[in-house]
Amino acid sequence: MSERNRAARRTVPERLEHTLATEVSLRSRLRHVAVGLAGTCGAALIAVLWVTEPSTLPTRTRAVFAGLIAVGLAWAVFAGWVLSRRRPLFAQDRVLSARIALVATVFTALAGVALAAARGTGADLAATAAGGGVFTATAALALVRAQRRRGALLRLRDALRQDDAEQPDSPPTPGD
């Protein structure tokens, strides 16, 4: 370890150092590889199923298949974006994944409610709406938590930068 790295390590709070190391760890990268593979495989399977149908599918089925393919591709693109970055994202990946989850959940809940309203009973509609509401609220909560986490990390980073600016002889902080 060089003298510069030792000096830089002394100025980075342990909590931030641990958080940033977790973001770029092998475990984190493997999780994103799994997300990308799951999204790609899901989209590919739906596409193969769609293409190999012997007759033309109904419009609603095609719309659902297209939606499922879009969701799978969104997760694949997200994973590729995260894996292509070789630096801490300060929870930006969490915010983006929570947004994808919220959009997918809202569309799924709306489609379920519309289907229950068109074909189900009042009890079916109520159960579907309640389930969709719970899932949507959970996804919204995940987004709020991700945004708070990102905000906290950015504030900590900015505080460190400000401390560095006030001490002109101090070593650079990570992310500079």
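Q: Is Leu89 buried or exposed?

A: In this predicted model, Leu89 has a relative accessible area of 7%, and because buried means under 20%, Leu89 counts as buried.

Q: Where is Leu89 found, and with which residues is Leu89 in contact, leaving aside its neighbours within four places in sequence?

A: Leu89 belongs to the loop that runs between helix H4 (59-84) and helix H5 (92-119). Once the neighbours within four places in sequence are left aside, the contacts of Leu89 are Glu23, Trp81, Val82 and Arg150.

Q: Which residues make up the largest nonpolar core?

A: A nonpolar core is read as a set of buried residues joined through side-chain atoms. The largest one here has six residues, namely Leu16, Leu20, Phe90, Ala91, Leu153 and Leu160. At least two residues of this core come from helix H2 (14-23), and at least two come from helix H6 (122-166). Another core, of five residues, lies apart from it and includes Ile46, Leu57, Phe65 and Ile69.

Q: What sits over the ring of Phe90?

A: The charged end of Arg157 sits over that ring, 5.1 Å from the centre of the ring of Phe90.

Q: How is a pair of aromatic rings described, and how many such pairs does the structure hold?

A: The general idea is that two values describe a pair of aromatic rings, the distance of the centres and the angle of the planes. This structure holds two aromatic pairs. One of them joins Trp50 and Phe65, with 6.1 Å from centre to centre and 70° between the planes, and this pair is edge-to-face. The pair links distant parts of the chain, since Trp50 lies in helix H3 (residues 26-51) and Phe65 in helix H4, 15 residues apart. As for accessibility, Trp50 is partly exposed at 29%, whereas Phe65 is buried at 13%.

Q: Which residues form the pair with 85° between the planes?

A: Trp75 and Phe78 form that pair, which is edge-to-face with 5.7 Å from centre to centre. Both residues lie in helix H4, three residues apart, which is about one turn of the helix. Trp75 has a relative accessible area of 22% and is partly exposed, whereas Phe78, with 5%, is buried; the two fall into separate classes because the cut-off for a buried residue is under 20%.

Q: Why does Thr105 count as buried, and which residues is Thr105 in contact with?

A: Thr105, which is found in helix H5, counts as buried because its relative accessibility is 18%. Beyond the neighbours within four places in sequence, Thr105 is in contact with Phe135, Thr136 and Ala139.

Q: How many helices and strands does the chain have, and what do the totals for the chain say about burial?

A: The chain has six helices and zero strands, so from the N terminus on its elements read α-α-α-α-α-α. Of the 176 residues in the chain, 26% are buried. The accessible surface of the chain is about 11,600 Å², and carbon and sulfur atoms account for 63% of that surface. Among contacts between residues at least 6 apart in sequence, 66% join residues at least 24 apart.

Key: Residues numbered from 1 in each chain as written. Predicted model: local features only at pLDDT ≥ 70, side-chain atom pairs only at ≥ 80, totals over all residues. Heavy atoms only, no water. Helix = DSSP H or I, 4+ residues; strand = E, 2+ residues; numbered from the N terminus. Buried < 20%, exposed > 50% of the residue type's maximum accessible area, 1.4 Å probe, protein only. Contact = heavy atoms within 4.5 Å. Core = buried A, V, L, I, M, F, W, Y, C linked by side-chain atoms within 4.5 Å. Areas by Shrake-Rupley, 256 points an atom, 1.4 Å probe, with all protein chains shown as cover. Phe/Tyr/Trp six-rings, centres within 6.5 Å; stacked < 30°, edge-to-face > 60°. Lys NZ or Arg CZ within 6 Å of the ring centre and 35° of its normal.
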